[in-house]
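Read the following with the sequence and the model side by side.

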Amino acid sequence: YWGEPRIGDIRDQKTVQDLFEDFKPQIVIHAAALKEVGAMQLYPSEAIQTNILGLQNVLHEACRYECLEKFLFISTDKATNLDSIMGASKRFGEVLVKNAGGIIVRFGNVLGSRGSLTQIWQRQYDSGEPLTVTDENMTRFMMTIEDACKLVLTALEQGKPKETWIMKMGEKYNILNLAKEITKKTGQDIKMVGIREGETLTENLMFEEEKSKVCIDTPSFYIICQLNTP
């Protein structure tokens with residue numbers, strides 16, 4: 001039994017404090033974030049308020065409660081792109097969590113999640129519009145919702161403080177080639193829309209300095225041990 005659900009804003013410190021006092025959680029999975037790259041470029045203060053200060057509110061209360069066993073922060077491979085406001089805010093969040101002794105999991109693009117590429121293309125298909133592709137050279141790491149859940153649960157079960165867990169997602173997908181495979185079946189056109197501010201043609205799973213800190217390399221995961229964070 002999980003008790004009654006509660007709705008609230010992590011940017012409200014009193015709300016977060018009340019939640020921890022009422023529920024006294026043993027495990028915290030922090031997934032609350034603003035994640036749309038273009039919107040965060042336009043409204044950086046919103047990214048800071050939610051992705052950094054909101055996270056800090058949750059971390060502050062988590063550190064006050066001895067009942068807390070694990071704090072897990074869901075991040076993104078966009079944290080390795082500090083040119084975007086969203087990526088930089090998530091990287092800042094990683095540093096906060098690691099310094100507090102939490103565990104980080106870094107997601108790739110989750111197929112079928114809200115706001116994901118496949119959902120956008122589904123809406124375009126339903127309305128008879130062409131599939132939009134940013135650039136012919138754009139590539140992305142892809143993972144399924146099942147993969148994402150497996151990563152979180154495994155990191156919760158086996159993860160240690162200040163570790164970063166990353167699922168091996170194989171080779172990056174070329175987005176244009178993926179769109180072409182779909183349009184072979186649907187008969188739709190493809191529309192090139194150009195790269196937006198804050199976006200990159202490719203994304204990486206790790207920073208260069210992290211590659212030497214991989215302490216466990218399994219067929220499914222990379223695990224990065226503690227780094228000296230700035």
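At what angle do helix H3 and helix H4 pack, and how far apart are their axes? Before the answer, some ground rules. This is a predicted model, in which local features need pLDDT of at least 70 and side-chain atom pairs count only at pLDDT 80 or more, while totals for chains, interfaces and linings use all residues. Residues are numbered from 1 along each chain as its sequence is written, and side-chain values use heavy atoms, with hydrogens and water left out. Helices (H or I, at least four residues) and strands (E, at least two) are DSSP runs, numbered from the N terminus.

Two packed helices are described by the angle between their axes and the distance between the axes. An axis is a line fitted to C-alpha atoms, for helices over the stretch in contact, and angles run from 0 to 180 degrees between N-to-C directions. For H3 (residues 44–64) and H4 (residues 85–99), the angle is about 15° and the axes are 9 Å apart. H3 and H4 are therefore roughly parallel to each other (angles under 35 degrees count as roughly parallel, over 145 as roughly antiparallel, 65 to 115 as roughly perpendicular and the rest as oblique).

Contact means heavy atoms within 4.5 Å. On the H3 side the contact includes Pro44, Ala47 and Leu59, and on the H4 side it includes Ile85, Phe92 and Val97. The residues of this contact divide into 10 nonpolar, four polar and one charged (Ala, Val, Leu, Ile, Met, Phe, Trp, Tyr, Cys and Pro count as nonpolar, Asp, Glu, Lys and Arg as charged, and the others, Gly among them, as polar).

Is H4 enclosed by the rest of the structure or open? With 11 of its 15 residues buried, H4 is largely enclosed (buried means under 20% relative accessible area, exposed over 50%, partly exposed in between, with a 1.4 Å probe and protein chains only). Among the buried residues are Met86, Arg91 and Leu96. The buried residues of H4 pack against several elements, including helix H2 (37–42), strand S2 (70–76) and strand S3 (103–107). After H4 comes Gly101, with a positive phi near 90°.

A second pair is formed by helix H5 (residues 117–126) and helix H7 (residues 175–186), which pack at about 35° with axes 13 Å apart. This crossing, too, is right-handed. Leu117, Trp121 and Tyr125 of H5 meet Ile175, Leu178, Ala179, Ile182 and Thr186 of H7. That contact holds seven nonpolar residues, one polar and no charged.

In helix H6 (residues 145–158), the buried residues include Ala148 and Leu151. Thr154 is also found in H6, and its relative accessibility is 15%, so Thr154 counts as buried. Leaving aside residues up to four places away in sequence, Thr154 touches Gly159, Trp165 and Phe221.

Two loop residues remain. Most residues other than glycine have a negative phi, and most peptide bonds are trans. Lys24, however, has a positive phi near 45°; Lys24 sits in the loop between helix H1 (13–23) and strand S1 (27–30), and at 47% relative accessibility it counts as partly exposed. Lys162 has a positive phi near 70° and lies in the loop between H6 and S8. At 23% relative accessibility, Lys162 counts as partly exposed.

Conventions: Left-handed = near helix turned anticlockwise from the far one by under 90°.
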